[in-house]
Amino acid sequence: MRGAFRIATLRGIPIRVHYSFLLVLPFLAWLFGQAFRSAAQAAEVPPERLMGSPLAWGLGLAVALFLAVLVHELAHSLYALRKGGEVSDITLLMIGGVSRITRMPQGSRHEALMALAGPVTSLVLGGLFLGSYVLLEGARSFNLRFAVFYLGYLNIFLGVFNLLPAFPMDGGRILRALLTGRLGRVRATRVAGAVGKGFAVLFGLVGLLGGNFILIIIAFFVFMGAEGESREVLMQSLLNRVHVRELMVARTAAVEAGASLEEVAERMRAERRRALPVVEEGRVVGLVMLANVRQVPASQRALVRVRELAVPVPELTPEATAWEALKEMGQRRLPQLPVVRDGVLVGTVTQEDVMRGLELRELEDSNTHGPWGLGPRERESPT
């Protein structure tokens with residue numbers, strides 16, 4: 001995700017923080033600090049029992065809350081890994097956290113349980129914090145006890161709120177998983193997405209009437225997330241029926257790994273190419289892109305070999321689906337991929353090739369649309 005930087009890696013999962021999180025952190029620190037002040041005034045707590053600045057306690061509470069959100073997201077991700085899924089990263093945003101699961105566990109049951117793992121974790125954390133609050137009765141520090149209570153309350157709220165069937169929140173994903181058995185994944189996503197948009201409108205109205213800025217932001221993200229994921233699932237359904245061999249350009253021109261970047265630059269200018277496959281001893285070993293060439297000053301390009309800057313690429317065969325190709329290019333931020341058979345280059349496929357194939361498939365299906373705008377072949381079995 002753009003605008004995010006890595007802070008750690010857990011179980012092979014990169015943990016990233018988005019800049020929006022840093023923007024909202026001072027606001028939350030002030031907001032929670034005000035809560036500490038109000039609680040202390042209401043309870044008429046003497047100054048010696050506060051033990052520290054309310055603002056400092058507010059900042060600590062904000063950081064602790066986002067650590068709890070990280071644990072919530074880890075619960076999703078670890079369950080996905082355990083059941084054969086793949087996780088790209090976890091990113092902390094101003095409104096919470098996002099786990100990018102690039103391959104879902106097989107079966108709607110596992111998808112539902114994966115979605116449920118996060119809210120259950122938050123509810124368990126909430127219960128533990130509230131239990132600690134009871135055990136801390138009589139503690140000298142009022143702020144410490146209030147912080148533990150507030151963390152418990154916030155985690156309980158987080159768990160319950162995420163169970164609302166507002167797709168793509170956790171409750172909405174559970175709803176989709178439950179509907180998949182009857183409707184198929186595409187229709188189930190459309191229904192869950194419509195419910196999610198309804199909740200987004202409701203959140204937005206409540207936020208506007210109550211002056212809750214954070215709820216308005218959540219409404220925006222829920223609405224856009226429901227729209228985006230509905231479109232992605234439909235795209236995946238269509239592209240899974242198209243093979244790379246139908247889209248690729250039968251282009252076998254490549255550059256040798258021992259060639260200089262100066263030669264590559266000349267080839268790119270002459271052939272108007274943004275990327276070229278790299279071969280060594282007849283086998284594809286990577287991809288060299290225009291951006292790689294530009295990184296090296298023109299005066300030094302004759303001294304640099306292509307193999308030094310070639311980007312490793314996955315082995316994409318003509319039998320792979322267009323969705324697999326698009327997903328690999330998107331995750332690796334590549335403009336194209338070489339298509340190989342037994343390690344030998346047989347063509348290339350670009351993002352534009354895939355999107356053209358999507359448009360043609362949508363045009364083909366437009367003559368057979370049934371209810372919900374779906375053709376007969378889209379009523380797939382549960383995944």
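Predicted model: local features only at pLDDT ≥ 70, side-chain atom pairs only at ≥ 80, totals over all residues.

Reply: Side chains of opposite charge can pair when their charged atoms come close. Here the side chains of Glu111 and Arg185 form a salt bridge, at 2.8 Å from N to O. Glu111 belongs to helix α3 and Arg185 to helix α6 (residues 185-210), so this pair ties together parts that are 74 residues apart in sequence. A salt bridge requires a side-chain nitrogen of Lys or Arg within 4 Å of a carboxyl oxygen of Asp or Glu. Helices (H or I, at least four residues) and strands (E, at least two) are DSSP runs, numbered from the N terminus.

Me: Are Glu111 and Arg185 buried or exposed?

Reply: Both Glu111 and Arg185 are buried. The term buried means under 20% relative accessible area, exposed means over 50%, and partly exposed lies in between (1.4 Å probe, protein chains only). Glu111 has a relative accessible area of 2%. Of the 383 residues of the protein chain, 47% count as buried.

Me: Which residues are linked with Glu111 in a network of salt bridges?

Reply: The network joins Glu111, Arg173, Arg176, Arg185 and Glu229. Within it, the side chains of Glu111 and Arg176 meet at 2.5 Å, N to O. This pair also links distant parts of the chain, with Glu111 in helix α3 and Arg176 in helix α5, 65 residues apart. Arg176 is buried, because its relative accessible area is 0%. The structure holds 16 salt bridges.

Me: How should I read the packing of two helices?

Reply: Two packed helices are described by the angle between their axes and the distance between the axes. Helix α1 (residues 19-42) and helix α2 (residues 54-82) pack at an angle of about 125°, with their axes 7 Å apart. That angle makes α1 oblique to α2. Axes are lines fitted to C-alpha atoms, for helices over the stretch in contact, and angles run from 0 to 180 degrees between N-to-C directions. Angles under 35 degrees count as roughly parallel, over 145 as roughly antiparallel, 65 to 115 as roughly perpendicular and the rest as oblique.

Me: At what angle do α1 and α4 pack?

Reply: Helix α1 and helix α4 (residues 142-162) pack at about 120°, with their axes 11 Å apart. Here too α1 is oblique to α4.

Me: Which backbone features deserve attention in the loops?

Reply: The peptide bond from Phe167 to Pro168 is cis, with omega near 15°. Pro168 is placed in the loop between α4 and α5 (170-183). Arg272 has a phi near 55°, a positive value in a residue other than glycine. Arg272 lies in the loop between α9 (261-271) and β6 (275-280), and counts as exposed because its relative accessibility is 77%. Arg333 likewise has a positive phi, near 55°, and sits in the loop between α11 (322-332) and β8 (336-341). Arg333 is exposed, with a relative accessible area of 60%.

Notes: Residues numbered from 1 in each chain as written. Heavy atoms only, no water.
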